[in-house]
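Let's take a walk through a protein model together. Have a look at it first, and then read on.

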Amino acid sequence: MTTRKGRRKDPPGRPEHGFGHYLRDMMYGASDGVVTTLAVVAGASGAAFEPRVGLVLGLANLVADGLSMGVSNYLGLKSELQQEGQSVRKEQPWRHGAATLAAFVVAGAVPLLAYLPLRPARLSVLELALVLSALTLAAVGATRAPYVGRSRWRSALEVVSLAMAAAGAAWLVGHLARGLMNGA
């Protein structure tokens, strides 16, 4: 959106500065960080990989996908601004990319905490990763709620349910792949 003077105007309800200005970037990064890292943990668990393999895959995902998301957000916003003839310098797309990357890495590291040796013996790596991820995603959803005019519970439930569906799909793929590998 642009004003009559040609300056970029944020969508209604989106502040020009502060946390709310980067809400989309951080929601995108945090939710994708948790979901993709949890999916790696779930897939590795479904395939019955050794825990250290799941940890290595999770760390590789955290770095590669986090950088990819940050760079993609930067390039996407920069392209949009250039297409609209807006000032790239004023909007500073690199800050949006950095917000996405930071949120991805911080939130995406949570499922990997399940690999720490301090894990309760009664919980598997996958079970602890699911619990930690659900709590993190609920917090992400609840943080989003006031900015989108929804209840904290409803927003948290939406984010958690979508992520758990993705984790379930990843576990199933890992489990099916394990069956194919064992049968081959």
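Predicted model: local features only at pLDDT ≥ 70, side-chain atom pairs only at ≥ 80, totals over all residues.

Residues are numbered from 1 along each chain as its sequence is written, and side-chain values use heavy atoms, leaving out hydrogens and water.

Start with helix 1, residues 23–46; helices here are DSSP runs (H or I, at least four residues), numbered from the N terminus. Its 24 residues should span 34 Å at 1.5 Å a residue, and the end C-alpha atoms of helix 1 are 33 Å apart, which agrees. The expected span is 1.5 Å times one less than the number of residues. After helix 1 comes A48, with a positive phi near 60°.

Now find its partner, helix 4 (residues 93–108): the two axes come within 7 Å and cross at roughly 35°. Axes are lines fitted to C-alpha atoms over the stretch in contact, and angles run from 0 to 180 degrees between N-to-C directions. Which residues meet? Among them are A30 and G33 in helix 1, and A99 and A103 in helix 4, where contact means heavy atoms within 4.5 Å.

How values were computed:
Helix = DSSP H or I, 4+ residues; strand = E, 2+ residues; numbered from the N terminus.
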